[in-house]
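I opened a new notebook page for this structure. I wanted a first tour, from the whole chain down to single residues.

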Amino acid sequence: MGPFMSPFNNLLCMLLGISFTVWFTLLLVFIIVPAIFGVSFGIRRLYMKTLLKVFEWATMRMERGAKEKNHLLYKPCSLNSIIAKESTSLEEELKDIRRNCSSPELDDSASITTDPSPSSSEFDMSDAFYFCRRGIESIVDDEVTKCFTAEELESWNLLTRSNYNFNHISSRLTVLWGLGVVIRYGFLLPLRLTLAITGVGLLVVLTAMIGFLPNGRMKNFLSEKVHLMCYRICVRALTAIITYHHSENKPKNGGICVANHTSPIDVIILASDGCYAMVGQIHGGLMGLIQRSMVKACPHIWFERSEVKDRHLVAKRLSDHVKDKSKLPILIFPEGTCINNTSVMMFKKGSFEIGSTVYPVAIKYDPRFGEAFWNSSQFGMMNYLLRMMSSWAIVCSVWYLPPMIRQEGEDAMQFANRVKAAIARQGGLVDLLWDGGLKRGKVKDTFKEEQQKLYSKILVGTQEVRSRS
């Protein structure tokens with residue numbers, strides 16, 4: 001058997017060698033080299049258009065199949081469609097409730113004024129209706145919880161994890177879904193893993209080598225080119241199709257770039273179009289190795305775990321960085337946690353206290369091709385990355401907004417809210433006042449006290465008016 005198996009083994013090794021050579025040659029020619037020079041052959045755009053046509057056919061087939069079987073297709077509710085709310089003040093709402101609950105017969109017999117405004121009495125039992133209604137609304141239509149669940153789709157994108165009631169409507173759709181599984185896990189996933197390993201490996205090796213060069217223009221130039229090249233390779237590892245708008249507003253050195261936060265890949269999405277100084281906590285393992293390599297080539301700002309809680313130290317490090325106009329703009333996500341691509345939650349005011357120019361950026365993902373939101377309480381990082389790399393693609397739009405500065409008489413929180421509102425408006429996101437920390441914690445007592453103070457202020461104001469009269 002030995003003499004006969006030897007030619008077979010040689011043939012098998014030769015075929016494997018040819019396969020790997022062809023594989024890496026195609027990667028080098030069509031992906032890595034274009035990524036180095038920042039060009040694209042349009043393959044990803046063509047791929048996206050093809051997917052859209054397939055999804056349109058699948059949607060038509062689902063609707064027809066559901067109609068034939070007399071089934072109702074599931075239609076998810078939008079973020080604000082459960083309860084219609086009007087933006088009115090507490091005083092106006094109490095006035096309306098008291099007017100509706102007032103009884104003319106009782107008022108006449110008691111010789112009490114029929115003015116239903118809050119100033120007509122110190123306290124009215126009907127006021128309880130307002131607080132009961134608001135409490136029930138918060139339970140039924142919880143704005144916070146909805147921000148930390150994956151965005152639902154109206155149609156099926158041939159991913160089992162997107163919608164559950166579209167899996168077996170017809171045999172054709174089932175076959176198409178099975179073919180999609182083979183393509184995503186048999187071809188796209190190995191390709192993306194190869195690109196990801198290549199991009200991260202090059203980033204670690206090349207930035208470590210650049211770190212040995214003396215500080216100067218040459219080191220900064222090579223560092224920027226290496227970072228851009230490696231991030232662009234990583235973008236292609238996700239089959240990310242990104243559309244950048246208003247590039248004339250891109251962040252400049254000495255400034256702070258702030259953006260809404262949906263996913264850890266937000267960093268890659270932005271850094272593939274320009275270089276930034278990253279801010280974050282020092283990690284161990286592979287992430288720590290990457291951080292140590294990157295900081296040798298570029299002045300990123302990494303904090304020890306104990307330092308992150310020291311607000312003054314963090315502010316000083318950021319302030320020292322932005323004062324040097326030769327350093328790259330800082331990239332910060334003020335929400336502090338990932339939100340599900342439908343809303344923008346409260347911005348932490350720390351990065352708005354420094355007094356530097358702020359460059360707002362709005363990021364909006366298209367959920368039809370893959371869910372970019374990272375629910376960290378449900379999925380670990382490796383599980384999340386596997387789901388991302390086994391999706392069809394990551395499609396998003398990025399808008400660079402005009403730079404903003406803190407106005408005279410405006411405190412840091414007001415400035416942060418103004419920037420947040422601009423990002424929400426441009427990205428078509430809902431502007432919420434809630435803190436993203438509610439993802440893991442409870443509402444602070446200070447927020448409850450604010451509502452109590454607001455109501456007591458109305459009652460105290462009533463007493464003061466009566467005492468003067």
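**Entry 1: the whole chain**

I counted 15 helices and nine strands in the protein chain. Helices (H or I, at least four residues) and strands (E, at least two) are DSSP runs, numbered from the N terminus. I noted that this is a predicted model, where local features need pLDDT of at least 70, side-chain atom pairs count only at pLDDT 80 or more, and totals for chains, interfaces and linings use all residues. Residues are numbered from 1 along each chain as its sequence is written, and side-chain values use heavy atoms, with hydrogens and water left out.

Next I looked up burial. Of the 469 residues in the protein chain, 42% count as buried. Buried means under 20% relative accessible area, exposed over 50%, and partly exposed in between (1.4 Å probe, protein chains only). The chain's accessible surface comes to about 26,400 Å², and carbon and sulfur atoms hold 62% of that. These areas come from the Shrake-Rupley method with a 1.4 Å probe; for residues, only the protein chains shown count as cover.

I then checked contacts, meaning heavy atoms within 4.5 Å. Among those between residues at least 6 apart in sequence, 77% join residues at least 24 apart.

**Entry 2: the sheet**

I traced an open sheet of seven strands with mixed pairing, in the order E1-E8-E7-E2-E5-E3-E4. Strands E1 (240-245) and E4 (301-303) are at the edges with a single partner strand each, so one side of each has no neighbour in the sheet. On average, neighbouring strands here are turned by 25° against each other, direction ignored.

I followed the pairings one by one. Two strands pair if DSSP finds at least two bridges between them. E2 (residues 256-259) and E7 (residues 358-366) run parallel, joined by four bridges. There I found Ile-256 opposite Val-358. E3 and E5 are also parallel, over two bridges. Ala-277 has Ile-330 in E5 as its bridge partner. E3 and E4 run parallel with three bridges, and Val-279 stands opposite Ile-301 in E4.

**Entry 3: helix H13**

Which residues of helix H13 (residues 381-389) are buried? I found Tyr-384, Met-388 and Met-389. Seen down the axis of H13, they fall within an arc of 130°, so they line one face of the helix. The arc is that of the directions from the helix axis to the C-beta atoms. These buried residues pack against helix H7 (171-210), helix H8 (217-237) and strand E8 (394-400).

**Entry 4: the record**

I looked up the UniProt record. Its unreviewed entry places the feature "transmembrane region" at residues 20-43, 169-187 and 193-213. UniProt positions are in the numbering used here, feature names are shortened, and annotations may be inferred rather than shown by experiment. I checked residues 193-213 in the model: 86% helix, 0% strand, with the end C-alpha atoms 31 Å apart.

**Entry 5: two residues**

Is Ser-272 buried or exposed? I found Ser-272 buried, with a relative accessible area of 8%. Ser-272 sits in the loop between helix H9 (266-271) and E3. Leaving out residues up to four places away in sequence, Ser-272 touches Leu-228, Tyr-231, Arg-232, Val-235, Ile-242 and Tyr-244.

Leu-206 lies in helix H7. I found Leu-206 partly exposed, at 24% relative accessible area. Leu-206 touches Val-226 and Met-229, again not counting residues up to four places away in sequence. Leu-206 and Ser-293 are 87 residues apart in sequence and 8.4 Å apart in space, C-alpha to C-alpha.

How values were computed. Axes are lines fitted to C-alpha atoms, for helices over the stretch in contact, and angles run from 0 to 180 degrees between N-to-C directions.
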